[in-house]
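Please walk me through part of this structure.

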Amino acid sequence: MTAAHARKFGFWAFVALSLIALGLSDLESNRPDPWNTLLALGRGFLTPDFGTGGLWYGAALTVAFALVGVLFAAAVGLVLAPFYANPVVRGFSVTLRSIHELFWALLLMQVTGLGPLTGLLAIGIPYSGIFARVFADLLSETPQSAASALPRSTPRTSLILYARLPLAWDQIKAYALYRIECGLRSSAVLGFIGLPTLGYLLETFFRQAHYSQAAAVLYIFFALILPVRLWMRWHLTPLYLIAALWLLAVQKFPPMGEGALIRFLTEDIIPAPLRNGGELLPWLTKLLETQALPGTVTTVILAQVALALAALIAIFGFPALVPRVSGRIGSTIAHGVFVVLRSIPDYMLAFVFLQILGPSLLPAVLALGLHNGAIIAHLLGQQSRGLALRPDAPRGLSLWGYELLPRQSGTIWALCLYRWEIIIRDSAIMGLLGLGTLGFFIEKNVQELRLDRVVVLLLVSAALTLVVDHISTRLRASMRLRLGPQSETT
Amino acid sequence: MGGIAHLEKRTLGWGETPVLTDVTLDVGIGERIALLGRSGTGKSTLLAALREEVEKTTHRAALVPQDLGLVPQLSTFHNVYMGRLDDFGTLRNLGTLVYPRAKDRGEVGAILASVGLPDMLRKPAETLSGGQRQRVAIARALYRGGAVVFADEPVSAVDITQGHHLIGMLHERFSTSVMALHNVDLARVHATRVIGLKGGRITFDLAAADLTDALVAELYA
């Protein structure tokens, strides 16, 4: 099949799958009066209340978890990257990053409790796997000339240190900075499962219907994440790091009992039939049938509808970011809207929508679609502004229809396929909000202290991510789509 | 034969397309070979092939490639030190990246001064001019040392007096050399043997003293 055929076929398959998924998903708003909540929320945004105790401490802890977690992961990733061609290292990194930060946190909490180590590792572990892959790509894509000027007998590590690392260093720093931004999102969201970051405060205030305080939390979050490139200076890193470590070290948290790790490893995660005597296979079959399967189906359906929405938002939204289409003022406004949408974590967005619309897949679809659509649109807008157009090219929507959209169609495909894997991961955790995806079953078992089941479900979730990643890679290859690894998609 | 490298009826090139066909060549110890010919006739290809041959033996080779192979972000010291990475362990190399030893700094500093770059140890390579970068690449080869140096237009970016001086320094350090040269006068002064490349093959291979103006005129015609 040629690349053109593959794209045409892929397009119609995508439309069909999205429609089927739409038909299968429950999108009904269950809240009779969404307008009341919306109005109250709007009033909260107009009258934010920054006076509550713990607000600034929560903000500081959010930054501390993000910084320490991401920098730790970057260091691990840097050590792993040169060995990434090794199947063991590769498999290890892939496994680390196929499990979402929130799931890692749920698991780690059984060992390290609500202490700082949980937050640090929940971010640090999956990010290490991501860094290893991206750094390996960056190192291998450096110019060859310096390395080939060295004698063949140069030790590999020395060669990488001298002739590859310095050449990739700027890109490595740029990527790490982008990841710190992601880390802030992850760190805030960790609050939803009990760590004392901004997410915790947001959830508490919402539950008490204190919308002015909730709005203040969101404002503080934006005040941290929007100018991250201004305050995150590399020469200040040591200073930040010391402050962050101190903050985490003095943090008070409920103590864990002695031997939590040993108990976790030798008892908790051992399948119940092996511990108590009984048949392993029926236990596993039942778990897969009654929890893993429905969870996976809902996860896939949610991801498909969300991806379709993200694609629509991206396709119709990105021209708004191009001044030649929407004018200078229009593109500035659009830029502001998209920045907010891609800065707020989709989980947090889903939580807010859930409070307004009531429980159904709709809040999650909207959150995932808006957040991911805004990211794709942002990247498309960036590329579109860089396109070399003929001087007499049209303006407005004609430019979009005749130049931008056709020229960017390959990129749109590639970005959507990249995002698919991320949306699957994030769809799984939406279950923690009470929707029927894998996260729902994982949290249920955590609460019942059935960690053996949790581990099995986490493996299912990791496998699902890997399968989607594999299909996405294959599709991109057959459609001849390629993006640089440093683009902010991974 | 006692040679340093030997090619027998070889076809050389990148991938499918041959650049040079039917190449037979011996490089003897103590020879100073100049490769002449217009650009694109395969001088770099021949140098690469000879280097491959030497890498298979126990002879130590140093290199001044045409694109220099410097790491722009690193200091001139580190770019020169890179010539000996394979002599030291990884730990020592890692340490040197963070903090160079005084002894290494002195040694590299002396070599840099001798090629006309005094007091420039800390400057990143990307801040240097074209001629200065070429000197750093030559300094890296001098620091490495060995039985033979392969140099591809090593002095194309410096003036002719400096060019003579730098090639003289390479010849003091290496008993054997193979250099692609853009300037026939440099070849006449420094080489013992000259090889002309044209139309995908070797057109002459003689003692430098036998190089006539007519041969040169025809080579570059």
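A residue is called buried if 20 or more other C-beta atoms lie within 10 Å of its own. The model shown here is predicted. In it, strand E5 of chain B, residues 148-152, is mostly covered, since five of its five residues are buried.

Strand E4 of chain B, residues 61-64, runs parallel to E5(B), and four bridges join the two. In this pairing Ala61(B) stands opposite Val148(B). E5(B) is also joined to strand E6 of chain B, residues 176-180, by five bridges, and these two strands run parallel as well. Here Phe150(B) has Val178(B) as its bridge partner. Helix H6 of chain B, residues 160-173, belongs with E5(B) and E6(B) to a right-handed β-α-β unit.

Lys9(B) lies in strand E1, residues 3-14, and has a positive phi, near 45°, although Lys9(B) is not a glycine. Is Lys9(B) buried or exposed? Lys9(B) counts as exposed because it has 8 C-beta neighbours inside 10 Å, and the cut-off for exposed is 12 or fewer.

Asp22(B) is found in strand E2, residues 17-28. Its phi is about 55°, again a positive value in a residue that is not a glycine. Asp22(B) has 13 other C-beta atoms within 10 Å, so Asp22(B) is partly exposed.

Definitions and conventions
Residues are numbered from 1 along each chain as its sequence is written. Chains are lettered from A and ligands numbered from 1 in the order in which they are written. This is a predicted model: local features need pLDDT of at least 70, side-chain atom pairs count only at pLDDT 80 or more; totals for chains, interfaces and linings use all residues. Two strands pair if DSSP finds at least two bridges between them. A crossover is right-handed if, with the strands pointing away from the viewer, the path from the first strand over the helix to the second runs clockwise.
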